[in-house]
Amino acid sequence: MANKKVLKDKILLIFALFFVILSFSILLLLVIDIFIKGFSHISISFLFSYPSRIPQKAGILSSWVGTLWLMFGTALLSIPLGIGAGIYLEEYARKNFFSNLLEVNISNLAAVPSIIFGLLGLGLFARTFGLGRSILTGVLTLSILILPMIIMTTRESLRAVPFSIREASYALGATKWKTTIDQVLPVAFPNILTGIILGLSRAIGETAPLITIGALTYIAFLPTGPIKGDFPFITFKGFMDPFTTLPIQIFNWVSRPQRAFQEKAAAAIIILLLLVFFLNGIAIYLRIKYQRRLKE
Amino acid sequence: MCFKERIYENTIKFFAYLTVFITLGIIGVLLFETIEFFEEVSLKDFIFDTKWTPLFEDKHFGILPLFLGTFLTSAIALSIAVPFGLVIAVFLSEYANQNLRKTLKPFLELLAGVPTVVYGYFALLTVTPIFKKIFPTISTFNALSAGIVMGFMIIPIVASLSDDALNAVPMSLREGAYALGSSRYEVSLKIVFPAAFSGVASACILGLSRAVGETMVVAIAAGQMPNLTINPLESVETITAYIVQVSLGDTPVGSIEYKTIFVCGMVLFMVTFIFNLLSFYLRKSFEKKYGK
């Protein structure tokens, strides 16, 4: 009887280990496969050439510049909105029907398929607002896509801040706003930053919503640069230019039957994965560092 | 000073309520085009017609083939993601020691962060060629490769959320069972798992919602042929893949093709909305149970 129990326990353990190793090794194999196929195609000219019909000449200049523009704009818009909304919901909102509704709503938005946000971007920003297939449309679409994520991490991070900090601040006569901004937010910030980085790294890889708003798959020019010769030396006209991004370029190359383009896709995937893993690495590092500090 | 703070507070209040406008915006945009669509196509045709050919000369608007395509790829994906995800979760929460758990969890998150277009590449250019050797009749674009890769893609989500649920089960339940002479196997499967069931179910339903809404993997690897079939070796088109297909072309605003993608979006939104809500309330009831 006892032996049977031990045996069952061992069987489950072996079974579980098998599943863990199998799933991780399959994913590892896939990544290795991509590195083998794509690595030899990464070169300076690959990074600084425009896409082309001739696979040997094709590069990812316009797509990584597009990705950079998009990320810059998305960060600029979604971070203040997300943190602000998170602060309101966690520190200010009273628990009632409306705050409940907001919570359900945000939790649902976080799980809405990304392509639906693309349809919103197409119908509202591109058509109704007349912004067309511009970077700005992309920025607005991606911002509202990652907004729920940023709001949720902001709330969780604020919730983790000990209440004694707030009480101490109130005791010294600080107002609610001062307490929140000067005392609570700085303590929660490393955790919030982790969430923001994870959100942005998700936005970098998004493809479907951008295709839906009509981002082009073939762009052989760059957006208007932000610096110009005459006063005020800075221009945001680039936000109105059409764009492409790394994932869209990958999608375009994967869909072609020629093997040479598929290998270019593998090379572009390596660049994209490096970017995403780099961001995720920072997020994980921040979390570990912050957890240690809280323990001490 | 008080006035200034009033302004700040109302600004962030506005930010919070903006999320409601996003939802209203989504529903508004989808509803607007959907209503226009149904002025041209009857609801009966939409539900019962077995052909979906808005891009051809002979137009049919039966959502059934797209629906079945989505169902097929999602079912394949879940048949991978649920068993793998749950076993990994049980392993992480009940068997692995703290160090191993701390190493594997960020790794799971890293995998969850891999862009979906990359999984699409795997499905079409790595997995399909392997299946071609096993099933010679399989078509280049097929539901099987797309579904399986999508399943692997969803494993981290199901595993991570289920692990959280299993972990939230109070230690006292385990200790009580051990004191009665249970083995780790019995504690895991007969005590902890049932206790965490609503949390685990919430994770699985969220996985299902992800599978239904997943776009790039199926757009790349499952094909663009609306096909009324449940044969996984054939090419199928999902609701999401159809939206991508139309978006890649140059469709004039106001044309029936343009409206169809919003109708598809509406169907997708409603289906995932039900799943998300179900998942949300299951998780809430679970959290209430264990006083989080």
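What follows is a walk through a two-chain predicted model, from confidence to fold to contact.

Residues are numbered from 1 along each chain as its sequence is written, and chains are lettered from A, ligands numbered from 1, in the order in which they are written. Because the model is predicted, local features need pLDDT of at least 70 and side-chain atom pairs count only at pLDDT 80 or more, while totals for chains, interfaces and linings use all residues.

Start with confidence. The predictor gives the complex an ipTM of 0.91 and a pTM of 0.90. Chain B has an average pLDDT of 89, and 99% of its residues score at least 70; pLDDT is the predictor's confidence in each residue, from 0 to 100.

Next, the folds. Chain A has 11 helices and zero strands. Chain B has 12 helices and, again, zero strands. Both element types are DSSP runs, numbered from the N terminus: helices are H or I with at least four residues, strands are E with at least two. The C-alpha atoms of chain A fill a box of roughly 75 × 65 × 35 Å along the principal axes. For chain B the box is roughly 70 × 70 × 35 Å.

Burial comes next. Of the 296 residues of chain A, 45% are buried; of the 292 residues of chain B, 52% are. A residue is buried if 20 or more other C-beta atoms lie within 10 Å of its own, exposed if 12 or fewer, and partly exposed in between, with C-beta atoms placed from the backbone. Two residues are in contact if such C-beta atoms lie within 7 Å. In chain A, 76% of the contacts with a separation of 6 or more involve residues 24 or more positions apart. In chain B, 73% of contacts between residues at least 6 apart join residues at least 24 apart.

Now bring the chains together. The contact takes 66 residues from chain A and 66 residues from chain B. On the chain B side, helix α1 (residues 2–40) gives the largest share, 18 residues. That side divides into 44 nonpolar, 17 polar and five charged residues. Here Ala, Val, Leu, Ile, Met, Phe, Trp, Tyr, Cys and Pro count as nonpolar, Asp, Glu, Lys and Arg as charged, and the others, Gly among them, as polar.

The largest nonpolar core holds 177 residues, and I250(A), V149(B) and V217(B) touch the most other members. Such a core is a set of buried Ala, Val, Leu, Ile, Met, Phe, Trp, Tyr and Cys residues joined through C-beta atoms within 7 Å. Leaving aside neighbours within four places in sequence, I250(A) contacts A265(A), A268(A), I269(A), L272(A), V117(B) and Y121(B).

V117(B) and Y121(B) are among the buried residues of α5(B). This helix (residues 116–134) has 19 residues and reaches 26 Å from first C-alpha to last, close to the 27 Å expected at 1.5 Å a residue. The expected span is 1.5 Å times one less than the number of residues. A kink of about 40° lies at T128(B), shortly before the proline P129(B). The bend is the angle between axes fitted to the seven residues ending there and the seven starting there.

Finish at helix α11 (residues 239–248) of chain B. Seven of its 10 residues are buried, so helix α11 is largely enclosed by the rest of the structure. Its buried residues include I239(B), Y242(B) and S247(B). They pack against α5 (114–128) and α9 (208–212) of chain A, together with α3, α9, α10 (216–221) and α12 (256–289) of chain B.
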